[in-house]
Amino acid sequence: MAEFAKDKIAKDFKIGNTRVRIATDFCDTITPEEVQKILERIAGTAKQHFIAAMKKEDSQNL
């Protein structure tokens, strides 16, 4: 299991038997340009999923 500095843990919770810790280490060194690239990648992936869902729904309505 990964270890994090306690002051870097933004959220600590459990889902069933799994412990989830969200750390801010990554965010400390990321640039605004890198954030933009990440958001664009997420948006592109989400768009592909939305289009696939719409096509599936359209084909079921025929």
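Accessible areas here come from the Shrake-Rupley method with a 1.4 Å probe. With that noted, I looked up the total for this predicted model: the accessible surface of the protein is about 5800 Å², and carbon and sulfur atoms own 58% of it.

**Entry: overall layout**

I started with the secondary structure. I found 2 helices and 2 strands, and going along the sequence they come in the order β-β-α-α.

Then I wondered what share of the 62 residues counts as buried. The answer is 2%. The cut-off behind that is under 20% relative accessible area.

**Entry: charges**

I took the 11 positive and 10 negative charges and compared their mean positions, which lie 6 Å apart.

How many salt bridges does the structure hold? I got 2. Asp12 pairs with Arg19, where the closest N and O atoms are 2.7 Å apart. Asp12 also meets Arg21, this time at 3.7 Å from N to O. Both distances pass because a salt bridge needs a side-chain nitrogen of Lys or Arg within 4 Å of a carboxyl oxygen of Asp or Glu. I noted down that Asp12, Arg19 and Arg21 make up a network of salt bridges.

**Entry: a nonpolar patch**

Which residues form a nonpolar patch on the surface? I wrote down Val35, Leu39 and Ile42, which together have about 250 Å² of accessible area. Of these I followed up Val35, which sits in helix α2, residues 32-60. Val35 has 35% relative accessibility, which makes it partly exposed.

**Entry: Asp7**

Last, I went to the start of the chain. Where is Asp7 placed? I found Asp7 in the segment before β1, the strand that covers 9-15. Asp7 counts as exposed, since its relative accessibility is 65% and the cut-off for exposed is over 50%. I also checked Asp7 against Thr24: the two are 17 residues apart along the chain, and their C-alpha atoms are separated by 8.8 Å.

Conventions: Residues numbered from 1 in each chain as written. Predicted model: local features only at pLDDT ≥ 70, side-chain atom pairs only at ≥ 80, totals over all residues. Heavy atoms only, no water. Helix = DSSP H or I, 4+ residues; strand = E, 2+ residues; numbered from the N terminus. Buried < 20%, exposed > 50% of the residue type's maximum accessible area, 1.4 Å probe, protein only. Lys, Arg positive; Asp, Glu negative; His and termini not counted. Charge placed at Lys NZ, Arg CZ, Asp CG, Glu CD. Patch = residues over 30% accessible without salt bridge, like charges linked within 9 Å, V, L, I, M, F, W, Y side chains within 5 Å.
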